[in-house]
Amino acid sequence: MDAVELNKIMKAYDNKLDKTLQLNLSPMNELQLKKTQNSTKKILRSRIYEVVIFSFLAIFLGRYIANNWEQTHLVISGFILHVFSLIALVGSIGQVVLLQQIDFSKPIIEIRKKIELVNSHGLLFGKLIFLSVPVWWSYAIVGLDFFGGIDIYVYLDHDFVVRYLVLNFLLIIPLVWLFNKLSYKNLHIKWVRKTIRLFTGTETMKALDFLSDIEEFKNKY
Amino acid sequence: MSPMKENKKEEFLSTIDTHKKIIYKVVNSYCKNKEDRKDLEQEIIIQLWNSFDKYNAEYKYSTWMYRIALNVAISFYRKEKKWLVINDFYNQDSIYTIEDQNDNKTELDQNIKLLQEYINKLNELNKALMLLYLEEKTYDEIAEILGISKTNVATKISRLKLKLKKEFKKI
């Protein structure tokens, strides 16, 4: 079938629809004049809560660092957690901005990408868990100090601390690499797929798969 | 209801009436069963109504409608309920077909059915592209609706046409 034949079929179909297609006005008259809201508002609300929580956490950790300025180990631990809370805060603010920009009358690729970026928000937290592995001790130090008033650092052997810090410092490089690797752009790599699925679940995976399809659709000639 | 709002609603209904074919074709391309078709149809009409105030006269009504209808249809197809209204505000079909007395159900129906089957096999984005191509939209318009370059539209369409040709050769 060539373009001319296809064109003929479509013309005939259009003519048929022109004759047979009807608009039923009675249900349309029930259309509420008050605009109906979709559930996007709920997602927006949950992301705003995230922004508030991470803002409080960032402020709290900032104050914690300032109050313990004389004790290096508390400052370092607090600083690490502060960086994590700031990454999460920036991610959540980004989500609020994306949600405000979602408008179905905009081009399809642009809107689908924004929607799927919102749908795959869980990946950020999965990645943060990964990045936390070498610095898990900072959570314990700050947590025990703040909630229990216990400074565990003073009970640790100096050599153990040095060895541990060196090892964890070395772990940072592969983990940052991993952080960048865990993206929808690398879903063709088997272990990336498996890892993301393990840490985020089916919904996020579905969104990431579609993001990958969108990229392909947009760029592949 | 204030006269202004009433006028707005009438303007909206007249726009829907003029372009009802767009909704009908989008719905048929993204839904197989009748119940889903009715739901998607409602969803598109509600979303069009929600966006009606924001209509930008810079674009044609049909471009604006295609964007909304296709964006809604893709979310519906992907079962992303959080992006939809899902409001059973009526039970009847808003757009329906009546029997054409002079219609002889022959080759045309068969070809349309075949085209529909072919579109059904495509993924969400290619469905949109094919639909717009079959609507004889220019490459510029397709690029504007989808948000990809004109060259990309041309390349993808030539590939889809080739596949379509093979599909029709099978029968």
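Reader: With 12 C-beta neighbours inside 10 Å, does Glu136(B) count as buried or exposed?

Author: In this predicted model, Glu136(B) has 12 C-beta neighbours inside 10 Å. A residue with 12 or fewer such neighbours falls in the exposed class. Glu136(B) therefore counts as exposed.

Reader: In which loop is Glu136(B) found?

Author: Glu136(B) is not a glycine, although its phi is positive, at about 60 degrees. Most residues other than glycine have a negative phi. The place of Glu136(B) in chain B is the loop between helix 6 and helix 7.

Reader: Which elements, and in what order from the N terminus on, make up chain B?

Author: Chain B has eight helices and one strand. Of its 171 residues, 35% count as buried. Among contacts between residues at least 6 apart in sequence, 66% join residues at least 24 apart. From the N terminus on, the order of the elements is α-α-α-α-β-α-α-α-α.

Reader: Which residues have the most contacts inside the largest nonpolar core?

Author: The largest nonpolar core has 57 residues. Chain A gives two or more residues to this core from each of helix 5 (108-119) and helix 10 (202-219), and among the contributors from chain B are helix 2 (20-30), helix 3 (34-51) and helix 4 (61-77). The residues with the most contacts inside the core are Val26(B), Ile44(B), Ala69(B) and Ala73(B).

Reader: Which helix gives the most to this core?

Author: Domain 1 (1-97) and domain 2 (99-171) of chain B both give residues to the core, so the core lies between them. One helix gives ten residues, the most of any element. That element is helix 4 of chain B.

Reader: Which residues does Ala69(B) touch, not counting residues up to four places away in sequence?

Author: Ala69(B) is one of the residues with the most contacts inside the largest core. Once residues up to four places away in sequence are set aside, Ala69(B) touches Ile22(B), Ile23(B), Val26(B) and Ile44(B).

Reader: How many of the 17 residues of helix 4 of chain B are buried?

Author: Helix 4 of chain B reaches 24 Å from its first C-alpha to its last, close to the 24 Å expected at 1.5 Å a residue. Lys79(B), whose phi is positive and near 55 degrees, follows this helix. Helix 4 of chain B is mostly covered, and the number of its 17 residues that are buried is 13.

Reader: Which helix of chain B gives the most to the side of domain 1 that touches domain 2?

Author: In chain B, 13 residues of domain 1 are in contact with eleven residues of domain 2. The elements that give two or more residues to the domain 1 side are helix 2 and helix 4 of chain B. With six residues, the one that gives the most is helix 4.

Reader: Why do the buried residues of helix 5 of chain A line one face of the helix, and within what arc do they fall?

Author: Helix 5 of chain A has twelve residues, and its buried residues include Ile108(A), Ile111(A), Arg112(A) and Ile115(A). What covers the buried residues includes helix 3 (40-67) of chain A and helix 6 of chain B. Seen down the axis of helix 5 of chain A, the buried residues line one face because they fall within an arc of 155 degrees.

Reader: How far apart do the end C-alpha atoms of residues 72-99 of chain A lie?

Author: An unreviewed UniProt entry lists residues 72-99 among the spans of chain A under "transmembrane region". Over residues 72-99 the chain is 100% helix and 0% strand, and the distance between the end C-alpha atoms is 40 Å.

Reader: How far apart do the end C-alpha atoms of residues 16-81 of chain B lie?

Author: In an unreviewed UniProt entry, residues 16-81 of chain B carry the annotation "domain: RNA polymerase sigma-70 region". The span is 74% helix and 0% strand, and the distance between its end C-alpha atoms is 24 Å.

Reader: How far apart in space are Lys5(B) and Ile145(B), C-alpha to C-alpha?

Author: Lys5(B) is found in helix 1 (residues 3-18) of chain B, and with 11 C-beta neighbours inside 10 Å this lysine counts as exposed. Lys5(B) and Ile145(B) are 140 residues apart in sequence, and their distance in space, C-alpha to C-alpha, is 29 Å.

Methods: Residues are numbered from 1 along each chain as its sequence is written. Chains are lettered from A and ligands numbered from 1 in the order in which they are written. This is a predicted model: local features need pLDDT of at least 70, side-chain atom pairs count only at pLDDT 80 or more; totals for chains, interfaces and linings use all residues. A nonpolar core is a set of buried Ala, Val, Leu, Ile, Met, Phe, Trp, Tyr and Cys residues joined through C-beta atoms within 7 Å. A residue is buried if 20 or more other C-beta atoms lie within 10 Å of its own, exposed if 12 or fewer, and partly exposed in between; C-beta atoms are placed from the backbone. Helices (H or I, at least four residues) and strands (E, at least two) are DSSP runs, numbered from the N terminus. Domain bounds come from an automatic or database domain assignment. Two residues are in contact if their C-beta atoms, placed from the backbone, lie within 7 Å. UniProt positions are given in the numbering used here, feature names are shortened, and annotations may be inferred rather than shown by experiment. The expected span of a helix is 1.5 Å times one less than its number of residues. The arc is that of the directions from the helix axis to the C-beta atoms.
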